[in-house]
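I opened the notebook with the model on screen. These are my entries, in the order I looked things up.

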Amino acid sequence: MNRLTTTALVSLAMMQAASAEEINALVWCDHADPALIEPFTAATGITVNLKEYEGTAAGLAILDQSQPGDWDVLVIDAVDVGRAVDLGLLAELPADKLRNADFFPEVVMADNNTRDGKIYAVTEKFGYNTIAFNKSAVDPADMEDMATLTSGKYDGRIAIYDYYLPVLGEMSLANGVNTADMTPDTLAALKEPLMALRKASKSVGDVVASQTALATGEVDILVGGGEWLTAVLHAENPDLDWTIPKQGAVRWAQSLSVLEASEKKDAALQFVDYITSPEGQARLATSSCYWGMPANAKTGDVLTPEQKAVLRWDQQPAYLAKTQLYPVPDAALDQAMQDLWTEMLQN
Amino acid sequence: MASIEATEARRAAAFVAPALLWVLAFFIIPFAVMIGVSFARLEGRTVVYGLSFDNYLRFFTEPSLFKGLTISLEITVVVTVISVLLAYPLAWIIAMRVPARYQRLALMLAVLPFWTSYVVRSYAWLLVLGQNGVINKALLALGAIAEPLEIASTRSATIIGFVHFFVMLLTLTIYSNLIQLSPNYARAAADLGASAFATFRHVILPLTLPGVVTGAFLTFVLCIGDYITPQILGGNNELTLPQLIMLQLGRRGDFPMASAMSIILMVVVTLAYFASARWLKLDRV
């Protein structure tokens with residue numbers, strides 16, 4: 001190869017590098033699956049630099065410590081979109097370029113994602129904090145009723161997912177109080193059933209500990225678990241299953257947004273469009289980190305029958321009808337919930 | 001003469017200054033900030049700075065918080081005692097019974113657990129102690145038990161995980177003490193008619209006490225401040241003080257309360273230091 005050719009190739013490579021666009025996305029771990037991101041980059045030439053975070057507080061702290069424009073895309077807990085809007089972090093999304101019309105109506109969640117008629121985020125994935133179990137070790141019919149858990153039949157075979165919001169929300173539903181109506185007063189009534197559940201349980205653990213406990217047979221039931229926890233283990237152990245009891249369960253949802261300070265909003269919007277497309281949704285739903293239902297109902301055409309079976313695609317209308325969003329506590333309720341949770345852990 | 005002394009003093013100060021600056025920047029100042037923050041309060045989601053004793057008051061009056069300290073102390077004392085009882089004979093055997101040329105190998109084998117990550121070691125113990133773990137499977141296969149034992153996710157599991165680690169640490173500190181002892185002490189005691197037990201009790205043990213206390217103190221400090229082992233092996237069935245501190249930080253964002261609890265932990269460690277200061281010989285570690 002002569003010098004002229006080499007110079008031309010290097011120049012071409014440099015020009016390509018200069019024209020190639022990059023966006024920076026602050027995401028949850030399900031977005032870090034190469035099977036999700038690589039097709040987008042191959043199709044658009046846009047490179048997506050990902051940083052994972054857990055918990056809205058951590059995400060907001062990262063944004064706070066960054067320069068404006070450092071980040072283009074943010075994945076955020078759907079119940080916290082309003083918080084980010086209040087902080088002026090999110091850009092308005094053009095309604096005509098969104099796929100909300102294809103979404104399951106219950107997860108469009110306009111109350112959360114919209115402010116004063118302007119859309120600031122779109123739901124991308126959702127699922128349930130409910131009851132996960134090993135169906136070879138417990139009677140699946142028993143799992144349809146929360147009361148069975150404290151009946152004595154499964155004492156010492158239960159783990160509790162160590163996150164107070166969904167579990168207390170679930171217990172509130174079992175106590176007949178909607179998650180949106182929870183107050184410090186209604187919380188007081190949960191103490192007795194919570195302590196009874198604690199007494200019947202063997203451990204309280206984070207995601208990894210809970211998954212390990214269920215996978216190794218340490219426990220047979222996980223309160224607060226759901227498809228997000230059992231689906232990735234399904235291939236290894238098809239007996240790991242989940243259901244929504246008759247009392248209902250808590251629904252989690254994650255939203256995708258573009259940051260107001262982004263200087264690459266067009267590229268960021270392309271990313272939003274890809275993630276909410278049926279193809280992107282199918283890959284996100286079955287991400288190697290955790291599975292969850294796609295918000296776009298048309299994803300059903302892309303998912304395989306096996307994947308849909310694991311996600312309980314056909315039961316979604318019934319599940320959506322009997323589940324409610326996470327509680328969104330104010331500071332006083334949050335403090336009361338955490339105090340009760342700490343007391344439960346120490347008993 | 002005076003100018004030589006002044007030069008020497010300046011030189012000494014120059015040598016010491018980097019270390020002092022390091023301690024000032026990375027210990028004294030952060031510690032002072034933490035003390036200051038511990039007197040602030042979390043109101044709603046906002047930290048209000050001031051001189052409030054609310055966090056300390058709340059810690060000592062709220063049973064679920066104070067219990068964290070008692071649980072930590074109980075676990076730490078048990079771990080320290082068991083570790084000393086196991087480490088001393090092990091160090092003795094290595095120092096007194098293993099031929100000198102194999103002692104290095106024996107020590108290396110003794111400290112093998114240090115080579116693995118703390119987290120990996122704890123999860124490995126979880127697999128050993130679990131319902132379907134090695135211990136339960138072996139006991140069930142031998143017919144020694146009919147039902148699996150509940151070991152994982154208990155305080156016992158936490159203690160086992162700790163003891164496994166700290167026996168190694170204590171073995172090193174006690175060994176380093178034993179190996180420095182001249183064999184003439186034991187010979188002199190025997191010449192004077194002392195039995196083996198009397199020699200150990202009245203000669204060897206007092207002389208090796210600094211090594212034991214140093215190791216025990218390090219065990220106490222590291223154990224009471226540990227978060228990972230009880231978090232993984234304890235199954236969150238009871239929370240130690242470090243776990244409660246993490247709860248305040250990670251979940252509540254309550255830095256003032258976390259700071260107050262950290263100061264209390266620091267006070268406990270300081271008290272342990274004063275209790276053992278008489279025998280502490282950190283230079284022998």
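**Confidence**

I noted at the outset that this is a predicted model. I looked up chain A: its mean pLDDT is 91, and 94% of its residues reach 70 or more.

**Core**

I asked for the largest nonpolar core and got a set of 149 residues. A:Ile221, A:Val223 and A:Phe271 have the most contacts inside it. Helix α7 (residues 155-178) of chain B gives the most to this core, 13 residues. I followed up on A:Phe271. Leaving out residues up to four places away in sequence, A:Phe271 touches A:Ile23, A:Phe40, A:Val48 and A:Val73.

**Contact between the chains**

I listed both sides of the contact: 15 residues come from chain A and 18 residues from chain B. Which elements of chain B give two or more residues to the side that touches chain A? They are α3 (63-97) and α11 (241-252) of chain B. α11(B) gives the most to that side, with three residues. By type, the chain B side divides into ten polar, five charged and three nonpolar residues.

**Helices α9 and α12 of chain B**

I took the axes of helix α9 (residues 196-224) and helix α12 (residues 255-276) of chain B next. They come within 10 Å and cross at roughly 175 degrees. An angle over 145 degrees counts as roughly antiparallel, so that is how α9(B) runs relative to α12(B). Residues of α9(B) in the contact include B:Val213, B:Phe217 and B:Phe220. Among those they meet in α12(B) are B:Leu265, B:Val268 and B:Ala272. This contact divides into ten nonpolar residues, one polar and no charged.

I stayed with B:Phe217, in helix α9 of chain B. Is B:Phe217 buried or exposed? B:Phe217 is buried, because 22 other C-beta atoms lie within 10 Å and the cut-off is 20 or more. Neighbours within four places aside, B:Phe217 is in contact with B:Ala272, B:Tyr273, B:Ser276 and B:Leu280. B:Leu280 is 63 residues from B:Phe217 in sequence, yet their C-alpha atoms are 8.1 Å apart.

**Positive phi**

I recalled that most residues other than glycine have a negative phi. I found A:Met109 with a phi near 50 degrees, a positive value. A:Met109 lies in the loop between α5 (105-108) and α6 (110-113) of chain A. A:Met109 is buried, with 23 other C-beta atoms within 10 Å. I found A:Arg312 too, with a positive phi of about 60 degrees. A:Arg312 sits in the loop between α14 (305-311) and α15 (316-321) of chain A. A:Arg312 is partly exposed, with 19 other C-beta atoms within 10 Å.

**B:Ser3**

My last entry is B:Ser3, in helix α1 (residues 2-38) of chain B. B:Ser3 is exposed, with 7 other C-beta atoms within 10 Å. From B:Ser3 to B:Phe274 I read 40 Å between C-alpha atoms, for 271 residues along the chain.

Terms used: Residues numbered from 1 in each chain as written. Chains lettered and ligands numbered in written order. Predicted model: local features only at pLDDT ≥ 70, side-chain atom pairs only at ≥ 80, totals over all residues. Core = buried A, V, L, I, M, F, W, Y, C linked by C-beta atoms within 7 Å. Buried ≥ 20, exposed ≤ 12 C-beta atoms within 10 Å, placed from the backbone. Helix = DSSP H or I, 4+ residues; strand = E, 2+ residues; numbered from the N terminus. Contact = placed C-beta atoms within 7 Å. pLDDT = per-residue confidence, 0-100. Nonpolar A, V, L, I, M, F, W, Y, C, P; charged D, E, K, R; others polar. Axes fitted to C-alpha atoms, helices over the stretch in contact; angles between N-to-C directions. Parallel < 35°, antiparallel > 145°, perpendicular 65-115°, else oblique.
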